[in-house]
Amino acid sequence: MKARKLGLVAVDRILAAALTIASIGTSLSRHNEWFVLIAGVTVTASVAWRRFAPRPTTAVAIVGISAYALASGNPHLTTEPAAVGLNFYMLGRRSGEHPDSGLDWLFLGLAAGAIAVDPAVPSPIDVVITWSLFAGGPFAAGRVVGTRSALTAELRANADRLAREQQARAERAAAEERNRIARELHDIVAHSVSVMVIQAQAARRIAPDDPDAARAALRSVQRCGRDALVEMRRMIGVLRHDPTDLLGAATPGMSELRGLVDRAAASGLGVELVIEGSSRELPADLDLLVYRIVQEALTNAIKHAGAASAHVRVKFADHDLALEV
């Protein structure tokens with residue numbers, strides 16, 4: 001963007017130089033008056049700075065061309081009106097980009113007055129035409145371009161802001177998903193490992209006296225380990241792929257409560273599961289929450305309650321779901 005602006009400034013400098021050379025040639029050939037020469041050069045040279053200070057350069061151009069016309073009497077203007085038009089175009093652009101001052105409209109009025117006092121413009125119709133060609137028209141064109149440029153910049157800024165907000169939301173969602181996955185892995189590992197340790201201890205103790213019971217306990221360890229691996233693979237799949245493709249499809253819920261209770265019972269914990277009311281499909285997050293609460297409660301009972309039993313009661317009401325462990 002900076003390089004583009006420098007390129008446009010260079011174009012302005014070249015235009016100003018060309019207009020100034022033409023103005024000097026015209027002044028020397030027709031008038032041979034230094035005041036007229038200086039006025040013409042002032043008008044054309046102002047084009048070089050129009051991007052940096054459009055209002056001052058436009059004011060200089062208006063004063064310069066008025067002095068040129070009045071001093072020369074019959075000016076036969078050549079490049080000076082073009083310089084004024086270029087300045088008014090840039091003034092219109094800045095007015096469209098930053099419409100915060102009535103000074104620009106004052107310049108348009110001063111330009112009309114400068115044209116009216118020019119002896120080469122005899123009638124009001126000529127004043128209007130000349131003003132339209134070299135002041136009003138360029139200003140209007142510049143204002144349209146400036147307004148569109150400002151709108152484009154505003155749209156680009158809004159797009160950048162929305163992109164940043166979307167990125168921030170994505171990062172927050174990713175952090176929440178990582179936390180959720182961490183909790184899920186904790187629940188999976190804590191429950192499964194607790195059951196497997198207790199079953200393995202039981203198998204070791206009863207193996208000399210009751211090999212069949214020991215083998216049953218080891219089968220329970222194998223089954224629990226396999227279930228844990230399945231859930232862990234699912235969680236790792238979420239980490240490796242788009243979470244929206246995998247969430248909800250394989251998460252445990254109410255339908256797997258019976259298997260959870262059976263695994264806890266196989267570890268030696270006496271567990272009773274009672275479901276009351278008309279069972280219905282639950283929202284995915286609530287379905288998973290019920291399963292995890294029961295899983296955590298049974299895991300704690302297995303780890304800390306010793307020779308104890310557990311009672312799990314789920315009651316479906318019209319507008320509520322009661323869970324008791």
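Guide: Please keep in mind that the model is predicted.

Visitor: How many helices and strands does the chain have?

Guide: Its secondary structure comes to 10 helices and three strands. Along the sequence, the pattern reads α-α-α-α-α-α-α-α-α-β-α-β-β.

Visitor: And what share of the contacts join residues at least 24 apart?

Guide: Among contacts between residues at least 6 apart in sequence, that share is 75%.

Visitor: Let's look at α4. How many residues does it have, and how far does it reach?

Guide: Helix α4 has 18 residues and spans 26 Å from its first C-alpha to its last. This is close to the 26 Å expected at 1.5 Å a residue.

Visitor: Which of its residues are buried?

Guide: The buried residues of α4 include Glu-80, Pro-81, Ala-83, Asn-87, Phe-88 and Leu-91.

Visitor: How does one describe two packed helices?

Guide: One gives the angle between their axes and the distance between the axes. For α2 (residues 34-45) and α4 (residues 80-97), the angle is about 35° and the axes are 8 Å apart.

Visitor: Is that crossing left-handed or right-handed?

Guide: The crossing of α2 and α4 is left-handed. On the α2 side, the contact is made by Gly-40, Val-43 and Thr-44, and on the α4 side by Glu-80, Ala-83, Val-84 and Asn-87. These residues divide into three nonpolar, three polar and one charged.

Visitor: What about α4 and α6?

Guide: The axes of α4 and α6 (residues 124-206) come within 6 Å and cross at roughly 35°. Here the crossing is right-handed. Among the residues of α4 that take part are Pro-81, Phe-88, Tyr-89 and Arg-93, while those of α6 include Phe-134, Pro-138, Gly-142 and Thr-147. The contact as a whole divides into 13 nonpolar, eight polar and three charged residues.

Visitor: New topic: where is Thr-58 found?

Guide: Thr-58 is found in helix α3 (residues 54-72).

Visitor: Why does it count as buried?

Guide: The relative accessible area of Thr-58 is 1%. Thr-58 is therefore classed as buried, since the cut-off is under 20%.

Visitor: Which residues does Thr-58 touch?

Guide: Leaving aside residues up to four places away in sequence, Thr-58 touches Asn-87, Phe-88, Leu-91 and Phe-107. Asn-87, Phe-88 and Leu-91 are themselves among the buried residues of α4.

Visitor: What lies 2.6 Å from a polar atom of its side chain?

Guide: That is the backbone oxygen of Pro-54, which lies 2.6 Å from a polar atom of the Thr-58 side chain.

Notes:
Residues are numbered from 1 along each chain as its sequence is written. This is a predicted model: local features need pLDDT of at least 70, side-chain atom pairs count only at pLDDT 80 or more; totals for chains, interfaces and linings use all residues. Side-chain values use heavy atoms; hydrogens and water are left out. Axes are lines fitted to C-alpha atoms, for helices over the stretch in contact, and angles run from 0 to 180 degrees between N-to-C directions. Helices (H or I, at least four residues) and strands (E, at least two) are DSSP runs, numbered from the N terminus. A crossing is left-handed if the near helix is turned anticlockwise from the far one by less than a right angle, and right-handed if clockwise. Contact means heavy atoms within 4.5 Å. Ala, Val, Leu, Ile, Met, Phe, Trp, Tyr, Cys and Pro count as nonpolar, Asp, Glu, Lys and Arg as charged, and the others, Gly among them, as polar. The expected span of a helix is 1.5 Å times one less than its number of residues. Buried means under 20% relative accessible area, exposed over 50%, partly exposed in between (1.4 Å probe, protein chains only). A polar contact is a pair of N or O atoms within 3.5 Å; within protein, one must be able to donate a hydrogen and the other to accept it, and residues adjacent in sequence count only if both atoms are side-chain atoms.
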